[in-house]
Amino acid sequence: MTENRWHDALVPGRVQFADSHLVGGALGWDRQIGDSRFRYGFEAQLAVHFGRQDLLELTVPVVLRYVPEQETAVRSIAAGLGLSYASEIPQVEIDRNGASQRLFVHWMAELEFGLSDPNRSAFVRLHHRSDGYGVFEVDAGSTGFVLGVRHRF
């Protein structure tokens, strides 16, 4: 997890890491959109936060994924939008913003990379919770970096 706003977390040298971490898993489903290079799908993610905050977080984003036509190191680029529910009000968000709440907007941005096994891939993801520019009354949020391995069934 970071102390930064999401756009500041992407600037090298400006990232300030919080003493808070997460580990989790997700189940997802996706399908190709017609003959295009795009796929749509859904995920259910469960993350355990530990360190400055000890809580469970459930996120359920709708995901749009682009699969490049040419084979490169990047297998896909994805973005997702949905809801995040935390079992406790996240301390990282309280410390940054003075207040927070359990239910927030969740969005993610992801780059997926191919591995030698075609059913497995690695990914790096920006994991963000926020009020959604005023969708929720409390002005707060948090951003984390996620490294993961995906197995396709």
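A: Let's start with glutamine 91, which is partly exposed because its relative accessibility is 31%; buried means under 20% relative accessible area, exposed over 50%, and partly exposed in between, with a 1.4 Å probe and protein chains only. Keep in mind that this is a predicted model, where local features need pLDDT of at least 70, side-chain atom pairs count only at pLDDT 80 or more, and totals for chains, interfaces and linings use all residues. Residues are numbered from 1 along each chain as its sequence is written, and side-chain values use heavy atoms, with hydrogens and water left out.

Glutamine 91 belongs to helix α2. Helices (H or I, at least four residues) and strands (E, at least two) are DSSP runs, numbered from the N terminus. The side chain of glutamine 91 has a polar contact of 2.7 Å with the side chain of aspartate 95. A polar contact here is a pair of N or O atoms within 3.5 Å; within protein, one must be able to donate a hydrogen and the other to accept it, and residues adjacent in sequence count only if both atoms are side-chain atoms. Setting aside neighbours within four places in sequence, glutamine 91 is in contact with Arg52 and Gln53, where contact means heavy atoms within 4.5 Å. Glutamine 16 is 75 residues away from glutamine 91 along the chain, and their C-alpha atoms are separated by 16 Å.

Now follow the chain out of the helix. Serine 100 sits in the loop between α2 (91-97) and β5 (103-114). Serine 100 counts as buried because its relative accessible area is 9%. Its side chain reaches that of glutamate 93 in a polar contact of 2.4 Å. Not counting residues up to four places away in sequence, serine 100 touches Ile89, Pro90, Glu93, Ile94, Arg129, Val138 and Ala140.

Another buried residue to look at is histidine 49, with a relative accessible area of 4%. Histidine 49 lies in strand β2 (residues 38-51), and its side chain makes a polar contact of 2.7 Å with the side chain of glutamate 57. Beyond residues up to four places away in sequence, histidine 49 touches Met1, His21, Leu22, Asp54, Leu55 and Glu57.

For a contrast, go to the loop between β6 (120-130) and β7 (141-151), where you'll find tyrosine 133. Tyrosine 133 counts as exposed because its relative accessibility is 79%. Its phi is positive, about 55 degrees, although tyrosine 133 is not a glycine. Most residues other than glycine have a negative phi. Valine 135 is in the loop between β6 and β7 and is exposed, with a relative accessible area of 61%. Valine 135 and alanine 78 are 57 residues apart in sequence and 23 Å apart in space, C-alpha to C-alpha.

Finally, step back to the whole chain. It has two helices and seven strands, in the order α-β-β-β-β-α-β-β-β along the sequence. The C-alpha trace spans about 45 × 30 × 25 Å along its principal axes. Of the 153 residues, 37% count as buried. Among contacts between residues at least 6 apart in sequence, 51% join residues at least 24 apart.
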